[in-house]
Amino acid sequence: MFKKRISVSQKRQITIPIEFYNDVGIEKEVECYVQDNAIVIRPVRESGGEFDEQILADLIFQGLSGEELLASFKETRKKIRPAVEGLIAEAELAAKGKSKHSTYDDVFGAEDK
């Protein structure tokens, strides 16, 4: 594993060594979080279009076409990342036992017996 010591400026800024930058494929953004008492910095990967087909099918089913379809598709697609990030945040809270939903039954509802 390649390691390198880097300085932190008075404004809490760091410069990512070019070797790290290139090796992990950083483009425009990174995400940063704390895990196991370490700061993790990793590149943000833009959506590969995993939901595009489902979004388009739903919008077409709603009767949209042409410019209206395109505008609705773009608007709907923008909502995917925040929704996924919200799900991840909720899962992290649940893993720490701090979520309002802590059991399978809380999340999905208990079946009436």
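Mentor: The discussion below moves from the overall fold to single residues. This is a predicted model, in which local features need pLDDT of at least 70 and side-chain atom pairs count only at pLDDT 80 or more, while totals for chains, interfaces and linings use all residues. Residues are numbered from 1 along each chain as its sequence is written, and side-chain values use heavy atoms, with hydrogens and water left out.

Trainee: Which secondary structure elements does the chain contain, and how many?

Mentor: Helices (H or I, at least four residues) and strands (E, at least two) are DSSP runs, numbered from the N terminus. Here the chain has five helices and two strands, and their order along the sequence is α-β-β-α-α-α-α.

Trainee: How do the strands E1 and E2 pair?

Mentor: Two strands pair if DSSP finds at least two bridges between them. In this model, E1 (residues 30–35) and E2 (residues 38–43) are antiparallel and share six bridges. Gln35, for example, has Ala38 in E2 as its bridge partner. The two strands form a hairpin with two residues between them.

Trainee: What is the backbone like in that turn?

Mentor: Most residues other than glycine have a negative phi. In the turn, Asp36 has a positive phi of about 50 degrees. Asn37, in the loop between E1 and E2, also has a positive phi, of about 60 degrees, although it is not a glycine. Asn37 is exposed, at 78% relative accessible area. For that term, buried means under 20% relative accessible area, exposed over 50%, and partly exposed in between (1.4 Å probe, protein chains only).

Trainee: Where does Arg12 lie, the residue that has a positive phi although it is not a glycine?

Mentor: Arg12 is placed in the segment before helix H1 (18–24), and its phi is about 65 degrees. With 72% relative accessibility, Arg12 counts as exposed.

Trainee: What share of the chain is buried?

Mentor: Of the 113 residues in the chain, 11% are buried.

Trainee: Which residues of helix H2 are buried, and which are exposed on the other side?

Mentor: In H2 (residues 52–61), the buried residues are Asp52, Ile55 and Leu59. They lie on the same side of H2 because they cover an arc of only 65 degrees around the axis, the arc being that of the directions from the helix axis to the C-beta atoms. Glu53, Ile60 and Phe61 are exposed on the other side of H2. Just after H2, Gly63 takes a positive phi of about 95 degrees.

Trainee: What covers the buried residues of H2?

Mentor: Contact means heavy atoms within 4.5 Å. The cover includes helix H3 (66–78) and helix H4 (80–95). Leaving aside neighbours within four places in sequence, Asp52 is in contact with Phe73 and Arg77. The side chains of Asp52 and Arg77 also make a polar contact, at 2.8 Å. A polar contact is a pair of N or O atoms within 3.5 Å; within protein, one must be able to donate a hydrogen and the other to accept it, and residues adjacent in sequence count only if both atoms are side-chain atoms.

Trainee: How are H3 and H4 arranged relative to each other?

Mentor: Axes are lines fitted to C-alpha atoms, for helices over the stretch in contact, and angles run from 0 to 180 degrees between N-to-C directions. Angles under 35 degrees count as roughly parallel, over 145 as roughly antiparallel, 65 to 115 as roughly perpendicular and the rest as oblique. The axes of H3 and H4 come within 4 Å and cross at roughly 20 degrees, and H3 and H4 are therefore roughly parallel to each other. Thr76, Arg77 and Lys78 in H3 meet Ile80, Arg81 and Pro82 in H4.
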